[in-house]
Amino acid sequence: MNHLDIQIAVAKVAKYASSESGDTVEVVERPHGGISIVVSDGQRSGRSAKAISNIVARKAMSLIAEGVRDGAVARATHDYLRTHRGGKVSAELVIASVDLVTETLVLSRNSRCPVLVQNGGDTAWLDEDCDAIGIYRNTKPNIVELPLSPGLTAVVFTDGIWSAGHRSGGAMDVAGAANLDEGSPAEGEESAEKGGAQEIADRVLEAALALDQGRPGDDSTVLVVKVGTHQREQKIRRMEISLPI
C-alpha cells in the first residue's frame, strides 16, 4: 500500500561579502498534525535584515504552535512588526504548511516573488499582487490551498533568486532551473528515486549563483515542498541539515 511522503528541502546563501543572511527559515510542527515552514526575508541585507527576519519568523512560529490558522498568523505577524518598528521596516513572509487535518498544502504569501507550483502535471505561478508585511495598515496575505497528492510540488524563493543576473543583463528562469517534470515520479515510485526536493532546491540556487558569477547580489533562499509516495510500514521522520561555516 502506498502512503504519501512529504519532502521538504531548503538551500540558501547570503549576499556576497555579507557576514549574515537576512533570510530566515524555520520549521514548526502544527499542534493538530502537520508541519509549517516559515520563510522570512528582512528589508535590506546583513545583520539589520537578519534581526527583522528573526522577529517575523519567531512571531509566526509561536502563533502556529498555538494553533492559529495561517492567514491569521500572517496578519498578526504584520501587526506585530508594524507596531514593533513603527511601520518603518518591511519583511516578505511566506508560510508553507502541510496540514494533516485538511490534507492540504497551504501557501500563505506576502511577497513580491511568486511561488512555482506543479499539480497534476500542470505547472503554474502563484503571482497575485500582495504587499510585504510591516508597512501598510490593511496588509493581508494571498492564500492558496491545494489537496495533497503525489507529484504536488511547490518552489518558494526570495528575491535574491528572482533578481539573479540583473547586474549583467541576465534573467533567472526559475521554472527551467527547477525542471519539475524531470523530478516527477511515475505512479508507484518513491519520490526520492527521481529528483527529490533537495535536488530541485539545489538546482534553482546553483542556477542563480551561476547568473551572479558566484557573487549573489542579495540573500537567496529556495524552499521546496514535494509530495511523493512510499511503501514503508514504519513512518519514520527524518531531518538533515548542512551548515557550512
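Local features were taken only where pLDDT is at least 70 and side-chain atom pairs only at pLDDT 80 or more, whereas totals for chains, interfaces and linings use all residues of the predicted model. Residues are numbered from 1 along each chain as its sequence is written, and side-chain values rest on heavy atoms, with hydrogens and water left out.

The structure holds six salt bridges, a salt bridge being a side-chain nitrogen of Lys or Arg within 4 Å of a carboxyl oxygen of Asp or Glu. One of them joins the side chains of R237 and E29, with an N to O distance of 3.0 Å. Because R237 lies in the segment after strand 10 (220-230) and E29 in strand 2 (residues 23-29), this pair ties together parts that are 208 residues apart in sequence; strands (E, at least two residues) are DSSP runs numbered from the N terminus. Both R237 and E29 are exposed, where exposed stands for over 50% relative accessible area, buried for under 20%, and partly exposed for values in between, with a 1.4 Å probe and protein chains only.

A salt bridge is also formed by R30 and D99, whose closest N and O atoms are 3.7 Å apart. R30 is placed in the loop between strand 2 and strand 3 (34-42) and D99 in strand 4 (residues 91-99), so the pair ties together parts that are 69 residues apart in sequence. R30 is buried, at a relative accessible area of 15%, and D99 is likewise buried, at 11%. These two residues belong to a network of salt bridges that links R30, D70 and D99.

In the salt bridge between E92 and R112, the closest N and O atoms are 2.4 Å apart. The pair links distant parts of the chain, with E92 in strand 4 and R112 in the loop between strand 5 and strand 6 (115-119), 20 residues apart. E92 counts as buried, with 7% relative accessibility, while R112 is exposed, with a relative accessible area of 60%.

Zero disulfides are present in the structure, a disulfide being a pair of cysteine sulfur atoms within 2.5 Å. The cysteine sulfur closest to that of C113 belongs to C130 and lies 9.9 Å away, which is too far for a bond. C113 is buried, with a relative accessible area of 1%, and C130 is buried as well, at 15%.

Patches are made of residues with over 30% relative accessible area and no salt bridge, like charges being joined within 9 Å and nonpolar side chains (Val, Leu, Ile, Met, Phe, Trp, Tyr) within 5 Å. V27 lies in strand 2 and counts as partly exposed, at 35% relative accessibility. A negative surface patch is formed by D127, E128, D129 and D131, with Asp and Glu counted as negative, Lys and Arg as positive, and His and the chain ends not counted; the place of a charge is taken as CG of Asp, CD of Glu, NZ of Lys or CZ of Arg. D127 is situated in the loop between strand 7 (122-126) and strand 8 (142-147).

Definitions and conventions:
Accessible areas come from the Shrake-Rupley method with a 1.4 Å probe; for residues, only the protein chains shown count as cover. Helices (H or I, at least four residues) and strands (E, at least two) are DSSP runs, numbered from the N terminus.
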